[in-house]
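I opened the notebook to record what I looked up in this model. The entries follow the order in which I checked things.

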Amino acid sequence: MALSNSLQSGQVPMLCQMCEESNEIKWKCLQCDFLLCTKCQQLHQKVKSTDQHIIIDIKDITTYQQEVNDQPDIINIPCSVHNGQNCCQFCKTCEEIICSLCFLQAHNTHDMIGLAKEYELTLEAVNNFRTEVEENILQIEKGLSKLDIRKTSEESLYESEKQKILNRERTLKNEIEMHTQNLLMKLDHRREYFKKSVQNEENRSKKLKKDLEIRRESLDHTLKQNNATEVFNIFKQERELRADSKQRIAPVNTRIKGLPQYVPGKQPILMSQHGVLTELGDKEQYKFKFQVLQQFKTKFIVVENLVCCEDGTMWINNSVTNKLRKIQLKKGSEPVQILKKLKAFAFSMALLPTGDLLISSKTDALQILSKGYWRN
């Protein structure tokens with residue numbers, strides 16, 4: 001900086017502080033605090049007493065100083081026991097940082113480690129804690145997402161089962177009216193129980209997530225501060241939380257008992273045959289039935305890939321015959337309308353945001369079919 005100010009102010013350029021002849025200053029010895037020319041820099045590194053000195057390019061002085069400033073101040077951690085003393089070691093036996101007086105008075109027979117080394121280990125542990133908290137938050141978010149799906153699914157199931165019960169009620173008329181009301185009451189009760197259980201789990205999980213986010217913010221704040229005292233303190237806090245069984249992270253419970261399924265009886269006259277509510281197994285709860293609304297025919301034996309375009313058209317292919325087709329589906333028409341025919345092998349296809357068609361031919365090369373080409 002002194003060199004730069006000298007040149008900018010029009011003064012005589014600073015000379016090398018070793019030879020005092022050359023004004024081509026390019027280096028600085030950090031230990032000697034000397035500005036050097038290239039020749040003296042080379043000599044400086046050959047002298048036995050200075051060959052271990054750190055010499056940097058004067059262009060890198062600002063960067064080096066910034067890196068030094070970013071390092072945590074480990075040597076100036078005040079001792080919590082002895083005023084005016086700075087901590088210099090870490091007692092592994094007591095798991096605390098100590099000063100030299102602490103060592104002489106109470107820790108001289110304990111297992112010790114250098115403060116800098118322990119700081120590196122502790123910082124790594126705190127980073128691991130942060131990663132663990134982040135993973136727990138992600139797991140909770142996934143669990144909450146599953147709960148949302150379950151709520152929607154159970155509401156749909158509720159409406160479906162309720163309709164079955166009402167349809168059966170209309171079939172049996174007045175003879176089974178009381179039994180129908182009893183079944184609906186049970187179903188409503190189970191529905192309310194399910195909703196209450198989901199709400200309780202959501203509240204618990206959201207509170208846990210909020211607590212974890214606070215801990216993550218605290219960990220992030222500590223890591224950004226580069227303050228060794230705060231790092232050691234938050235390490236203790238996080239370790240104590242993990243040791244406390246009440247603080248352990250419980251995953252989101254998505255296996256909440258769902259609604260029963262209505263099974264109609266086969267004898268429409270007897271009230272006992274109106275039907276009962278039965279429990280669904282885990283696998284049965286996630287079964288879906290699809291209704292075929294319309295079918296379309298292609299000349300392919302098998303349609304292996306299907307990609308939908310923004311304009312409502314589609315690309316389909318069959319890799320055995322190396323045929324690629326652009327088609328249009330029309331309501332009420334079984335055969336598809338073929339818009340373009342291409343001879344190309346496609347193992348997989350995807351539509352890019354630009355509208356171009358990305359094709360994988362099961363090699364290390366991907367091909368792009370331009371949107372401008374296949375629109376022609």
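**Record first.** UniProt positions are given here in the numbering of this chain, feature names are shortened, and annotations may be inferred rather than shown by experiment. With that in mind, I looked up "domain: B box-type"; the UniProt entry, which is unreviewed, lists residues 11–58 and 79–115 for it.

**Ground rules.** I am working with a predicted model, in which local features need pLDDT of at least 70, side-chain atom pairs count only at pLDDT 80 or more, and totals for chains, interfaces and linings use all residues. Residues are numbered from 1 along each chain as its sequence is written, and side-chain values use heavy atoms, with hydrogens and water left out.

**Whole chain.** I took helices (H or I, at least four residues) and strands (E, at least two) as DSSP runs, numbered from the N terminus. The chain has nine helices and 15 strands. I then looked at burial: buried means under 20% relative accessible area, exposed over 50%, partly exposed in between, with a 1.4 Å probe and protein chains only. Of the 376 residues, 32% count as buried. Accessible areas come from the Shrake-Rupley method with a 1.4 Å probe, and for residues only the protein chains shown count as cover. I noted an accessible surface of about 25200 Å² for the chain, with 52% of it belonging to carbon and sulfur atoms. For contacts I used heavy atoms within 4.5 Å. Among contacts with a separation of 6 or more, 47% come from residues 24 or more positions apart.

**Sheet in the first listed span.** Two strands pair if DSSP finds at least two bridges between them. I found three strands in an open sheet, ordered β2-β1-β3, with antiparallel pairing. The edge strands are β2 (34–36) and β3 (55–57), and each pairs on one side only. From one strand to the next, the twist averages 30 degrees. For angles, axes are lines fitted to C-alpha atoms, for helices over the stretch in contact, and the values run from 0 to 180 degrees between N-to-C directions. Helix α2 (residues 38–46) packs on this sheet and touches β1, β2 and β3. Its direction makes about 120 degrees with that of β2. Strand β1 (residues 27–29) pairs with β2 over three bridges, antiparallel. In that pair, W27 stands opposite L36.

**Second listed span.** I checked residues 79–115 next. The span is 24% helix and 24% strand, and its end C-alpha atoms lie 13 Å apart. H107 sits in helix α4 (residues 100–107). Is H107 buried or exposed? H107 is buried, at 5% relative accessible area. Setting aside neighbours within four places in sequence, I found H107 in contact with C91, C94, E96, I98, C102 and M112.

**Salt bridges.** My rule was a side-chain nitrogen of Lys or Arg within 4 Å of a carboxyl oxygen of Asp or Glu. That gives 17 salt bridges. I looked at R242 and E132, whose closest N and O atoms are 3.3 Å apart. R242 lies in helix α7 (residues 228–243) and E132 in helix α5 (residues 115–172), so this pair ties together parts 110 residues apart in sequence. R242 is partly exposed at 23%, and E132 is partly exposed at 33%.

Two further pairs lie within helix α6. R204 and E201 meet at 2.8 Å, N to O. Both lie in helix α6 (residues 177–225), three residues apart, about one turn of the helix. R204 is partly exposed at 33%, whereas E201 is buried at 10%. D211 and K207 bridge at 3.2 Å between their closest N and O atoms. These two are four residues apart in α6, again about one turn. D211 is partly exposed at 32%, and K207 is exposed at 53%. I also noted one network, in which salt bridges with shared partners join R130, E134, R216 and D220.

Strand β10 (residues 314–318) pairs antiparallel with strand β11 (residues 323–328) over five bridges. N317 stands opposite L324 in β11. The two strands form a hairpin with four residues between them, and N322 in the turn has a positive phi of about 55 degrees. β11 also pairs antiparallel with strand β12 (residues 337–343), over six bridges. There I found K323 opposite K343 in β12.
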